[in-house]
Amino acid sequence: MKLVVRGISFSYKSVPALENVNFELNPGEILSLLGPNGSGKSTLLKCIDGILRPHCGVVYINGAAASAMKAKDLSKVMGYVPQNIGSSVFPFTVFDVVLAGRKPYIGWNISDKDIEVVAETLKLLGIENMASRHFNELSGGEQQKVIIARALAQQPKILLLDEPTSNLDIKHQLEVLDLIRNLSRSMGISVIMAMHDLNLASRYSDKVVMLKSGRIFAAGAPEVVINEENIMAVYGVKARVYKLSSGKPHVVPIESTPISGDVSVKETPILS
Ligand code: ADP
Ligand code: MG
């Protein structure tokens, strides 16, 4: 589904958090939201999902205003995975946590179709062997997959992920992002994810939006947006940006205060 975010502004009481945010996303595309802590990434995801109601602006899904849709209908097309889900307590089995994703579809009773979708989703993520385990007893990486499975059980066409890899080691970061990219490509799901790691965003995104104090500072393809000037302007960090053979940018921050005695680091680009 095509998602258009048009002129979104939002304030918490009198504190502005977002100002005039605009972008578009096509089916099957992955967009990363970048920007320092407090720049408005989570607020923007919540405005798109309708958890927060923007003061100005409209979110269009295939040309229809999302705010005019019933919550139940909206949750059939849009899945949302909040930040820091690992710290939430779900005293349920993995199967039940994922089944909760079927809420928009469940009437008075759970149908065979719901059970089938949950089983298929668990299989898709390779976690069917965990179905009867307790969510709270899983590792961070496993929990992250279960929460993504819960969002996917909604069978959404748009998936919003708030820092999906923040608590994961490098192997699980790649595993989760590979999975998201494969699902996005194979099922035409549009993905918006808030990311801190510029290199992972560069590697997995078709588009990036860099936020600074609630405004879009730069937007476009990773190779256009992720550059030394923008990183300095938005994060206040001096970095070298190298080009990988894939054409994607790779960010290496430069030591601001050299550690005394550490003279072995040469600034030779090791990447072609
Ligand atoms: P990010 O996800 O990029 O770290 P947030 O969207 O969480 O940024 O926050 C954007 C701004 O809104 C920050 O200044 C933050 O302090 C403020 N903010 C976030 N949540 C609330 C809230 N519930 N009440 C008041 N201010 C908030
Ligand atoms: Mg956040």
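Me: Why is Tyr 12 called partly exposed?
Reply: Tyr 12 has a relative accessible area of 37%, and the label covers whatever falls between buried (under 20%) and exposed (over 50%), using a 1.4 Å probe and protein chains only.

Me: What am I looking at, and how is it labelled?
Reply: It's a predicted model, where local features need pLDDT of at least 70 and side-chain atom pairs pLDDT 80 or more, while totals for chains, interfaces and linings use all residues. Residues are numbered from 1 along each chain as written, chains are lettered from A and ligands numbered from 1 in the order written, and side-chain values use heavy atoms, leaving out hydrogens and water.

Me: What makes Phe 10 and Tyr 12 an edge-to-face pair?
Reply: The structure holds 1 aromatic pair. The ring centres of Phe 10 and Tyr 12 are 4.9 Å apart and their planes sit at 80 degrees, so it's edge-to-face; pairing takes centres within 6.5 Å, with planes under 30 degrees stacked, over 60 edge-to-face and the rest tilted. Phe 10 counts as buried, at 6% relative accessibility.

Me: How do you know that Thr 43 makes a polar contact with ligand 1?
Reply: A polar side-chain atom of Thr 43 is 2.5 Å from an oxygen of ligand 1, and a polar contact is a pair of N or O atoms within 3.5 Å. Lys 41 also qualifies, with a polar side-chain atom at 2.8 Å from a ligand 1 oxygen, and a polar backbone atom of Ser 39 is 3.3 Å from one. The protein covers 57% of the 560 Å² of accessible area (Shrake-Rupley, 1.4 Å probe) that ligand 1 has on its own.

Me: Which helix gives the most to the shell around ligand 1?
Reply: That's helix α1 (residues 41-49; a helix is a DSSP run of H or I, at least four residues), with 3 residues. The shell splits into 3 nonpolar, 6 polar and 1 charged residue; Gly counts as polar, and Lys as charged.

Me: What puts Arg 102 over the face of Tyr 105?
Reply: Arg 102 is 4.1 Å from the ring centre, and the rule wants CZ of Arg (or NZ of Lys) within 6 Å of the centre and within 35 degrees of the ring normal.

Me: Why is Ser 202 called buried?
Reply: Because its relative accessibility is 1%. Ser 202 is in helix α7 (residues 198-204), and a polar side-chain atom of Ser 202 lies 2.7 Å from the backbone oxygen of Pro 249.

Technical notes. A polar contact is a pair of N or O atoms within 3.5 Å; within protein, one must be able to donate a hydrogen and the other to accept it, and residues adjacent in sequence count only if both atoms are side-chain atoms. Helices (H or I, at least four residues) and strands (E, at least two) are DSSP runs, numbered from the N terminus. Rings of Phe, Tyr and Trp (its six-membered ring) pair if their centres lie within 6.5 Å; planes under 30 degrees apart count as stacked, over 60 as edge-to-face and the rest as tilted.
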